[in-house]
Amino acid sequence: MSPILAISGLSKQFGGVTALAGVDLAVEEGEILGVVGPNGSGKTTLFNVVTGVHKPSGGTVLFRGRDITGLAPHAISRAGIGYTFQQAMAFAGLGVLENVQIAGEHRRAGGAANPWPTPQALLDFVGLSALGGEKAGVLPFGSLRLLGLALALATRPSLLLLDEPAAGLNDRETSALVGLVRQLPGHGITVCVIDHDMKLMQMLCRRLAVLDFGSKIADGPTEKVLADPKVLDVYLGGDL
Amino acid sequence: MDIFIQQFLNGLSIASVITLIAIGVTLIFGLTGIINFAHGEFLMIGGIVTWLAVSAGLGFPIAVVLAILAVGLMGYILERGLFRFTLERPTNGFIVSLGLIVVLQHVVVLFWNPNQKSIPRPLTTVWEVGGVRIASVRVMVILITIAVVALSFRMITASRYGRALRASVEDRDTAALMGIPVRRYITGVFVLGSALAGLGGALLIALFPITPFTGGTMVMKGFAVALIGGLGNIYGAVAAGLILGIVEGFSAGYGFSQWTDAYSFVLMILVLIVRPHGLFGGTSGPRMAS
Amino acid sequence: MKTGNALRSLLPVLVILALIAAVPLFSPSNRFLSLAISAGTNVIALYGLSVLFGQTGILSMGHAALVGVGAYAAAILARDFGVGFWTALPVAALASAVFAMIVGIPSLRVGGHHFVIMTFAFGQLLAIVLTNGGDYTGAATGLDIAGPVTLFGADMSDLTRYYLMVVAFVTAAAVASWAIIHSSYGRTLRAIRENEKLAASLGINVGRHKIGAFVVSGVFAGISGVLLAYFLGHISPSQFSSFPSIYLALMVMIGGARLIEGPLAGGILVAFLPEVLNLDPVQSRIVYGVCLIAVIMLLPDGLIGGIVRALRVAFSGKPKQEAERDAAPSEARQ
């Protein structure tokens, strides 16, 4: 079966600095893939190039066989790729329910059956249904992260990219998030998580890809990758 | 050829005043993100102070110093009293400046009526060199501006404070982390920019009569120049000021004077469409990255 | 239930407008009616500006130019094509909308803080073009627009009738603005105001919607321009240059851009304050300026927003405040 997202030879230079040096990566339908790497390895650049924030210097991104290289951020979303940010999680000045309404109003037409047909159902799924009337800005940080996830899901993506989804969460909140993300493949949503938190990745992903200095240095089943001497070398002294 | 040289000089003297505004605009925007539209009114107040001082029998040089001091002080008071509170939301600072425009203009009208005000030319000599008539007052304006701009350059490029200032314009937050007292620099830049506007006003009234509403067109030109040169970029402001002043000078000399005010806008719109960061590159102001 | 809530937010404005429409029963002076008519034309433009600024978060400092395009379109249509008021209305609205698009596309491409300056520059440019337009635009003296406004055969040029017609237009503008705020389109605009990057990630074409909001505000401005031109009978470039633009921004700020009452309150306050306080034009402008600064520094939601908040605190504020105070530390603990 062909991968849902096929990245080939993707590169990005900022001025003279190479942030991505020809990365190949395939995300298979129905999996939860983890992309890891130390700070400055090119993870966030990869995320930004795939989601259209930056234009790539070279290479292609195919989504379900369609070339989406260099499309604008909103067009990427409409093509069926949902994504969440580390920082901008929700519209702080608007109501929680209104946030989810907005997120559901610009998706592409058609598609598969919707597991969460109403904004309320989606809030139920992430456990925020009691807070629908509040302003997003007053939510505690953990709830804000979950709302961010709900917004991305409201666009009805078939692929969801998560950039450090557990950053700033405590253990209880992290395990709640992991519980939710694990359910997503069952709803027909493929997930790609970008993070450096190995504990989170071990909980979530059966397959890992490792970036270092803008290149992929390992890709395979989680246990194998974690035993790879090259990966150990990169993470030497890290939290492995 | 004669008329060419003459228009060149005329253009240069206009460019001088515009550049003095543009430097203030570009520094204040670069450091605070505040678009201070009232900067043109600062210039107008400088002209009015000069007019009052000269009318009271003081000499032009003393009047210039008074204008610089008065407008510098005004900049200090307004920064401490108003703009300081809008640093987190630059748009509010911009709106405050709109309110200031209305207040400053009409306070002047209230006390000194809306009519044109002029002073006798501080220098009346006109040199004739090979058929070219050179008004010494224009030469004076150009020379004073060159001196002041050169001094500002030296301050900004050579001194420790200048380097810290440029670092703050480049990235306010990082500069603050490095121990640069950015808040104090903001006040300083407001005072410096205001003082330059005061000087610009004094020089302007030496060239042309002014009204309480002169600031409006002048600030747009100053902004056009700051934007064309790249906001936060002082060199760019000087270069763009020269370009605009000379274009205006020639256009007035060759009979398109009714379109003079349009050039700055057309030029600015074109430059921003083609090169949003100005011809010579600039900052987008603080906190615009995300 | 939700539409019920939304309708309730429109009710105060409708009641106030009904009261305003009843004013001619008390035989007001001609001066009052004239002031009210010009305030009304402003309010129509302000409702457009509130969609742009209040909902989308974009401030236009050249808005009077959009009003001017409408006014000049009406005058030129009447002079060259003998087109009357009712036909001029949609054509002028379209002209202003097209002008808004022409200004909006490059200005919004530039983005951020610069947009404000671009709108201001385009406004100035329009005034210069109108001044240098020779006989076609009447140069600095401007154009006369003569021609009765008739509605169902009745002459509307009479001051009281024109007043009632303007009130009807203001009502339509308020309802249109309310409908936008409570539509999914309004939600989209608010999303852009709150966070452009997040909005784009949810499939919103930010650039197109920003230009769209500017075009929508242009339609309001164009209609305002036609009403103004037919009321004054004469228009000139200075009416649509930078200062009128600043005053429009000031009115929407003073009233508060996000509330449906805001434009109405701002337009009426700015028009009638000098009358009430018996100020001459110069003094009143100083007062406006000081008000604008005070509102921005002290009441960022505008005057009406500030009053609403004060009332809320006065009636139910105490328990809510305490609840908020309680929420803060628990949040910090997490």
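This is a short tour of a predicted model, chain by chain and then across the contacts between chains.

**Stop 1: chain A**

Select chain A and colour by secondary structure. Nine helices and ten strands make up chain A. The C-alpha atoms fill a box of roughly 50 × 35 × 35 Å.

How does the radius of gyration of chain A sit against that of a compact globule? A compact globule of 240 residues would come near 18 Å, and chain A has 17 Å, which agrees.

Now look inside. Of the 240 residues in chain A, 44% are buried. Next, consider contacts between residues at least 6 apart in sequence. In chain A, 66% of these join residues at least 24 apart.

**Stop 2**

**Stop 3**

No contact joins chain A and chain B. Their closest C-alpha atoms lie 10 Å apart.

**Stop 3: chain B**

The secondary structure comes to eleven helices and two strands. Walk from the N terminus: the elements run α-α-α-α-β-β-α-α-α-α-α-α-α. Chain B has a radius of gyration of 18 Å, close to the 19 Å that the globule rule gives for 290 residues, so chain B is as compact as a globular protein of that length.

Along the principal axes, the C-alpha trace of chain B spans about 60 × 45 × 35 Å. Buried residues account for 53% of the 290 in chain B. Among contacts in chain B with a separation of 6 or more, 78% are between residues 24 or more positions apart.

**Stop 4: confidence in chain B**

Switch to pLDDT colouring. Chain B has a mean pLDDT of 82, and 93% of its residues reach 70 or more. Then select residues 285-290 of chain B. Over this stretch pLDDT stays under 50. The model still has eleven contacts for these residues beyond four places in sequence.

**Stop 5: chains B and C**

Finish by showing chain C with chain B. Two pairs of chains touch, and the most contacts are between chains B and C.

Technical notes
Residues are numbered from 1 along each chain as its sequence is written. Chains are lettered from A and ligands numbered from 1 in the order in which they are written. This is a predicted model: local features need pLDDT of at least 70, side-chain atom pairs count only at pLDDT 80 or more; totals for chains, interfaces and linings use all residues. pLDDT is the predictor's confidence in each residue, from 0 to 100. Two residues are in contact if their C-beta atoms, placed from the backbone, lie within 7 Å. Helices (H or I, at least four residues) and strands (E, at least two) are DSSP runs, numbered from the N terminus. The radius of gyration is taken over C-alpha atoms; the globule rule is 2.2 Å times the number of residues to the power 0.38. A residue is buried if 20 or more other C-beta atoms lie within 10 Å of its own, exposed if 12 or fewer, and partly exposed in between; C-beta atoms are placed from the backbone.
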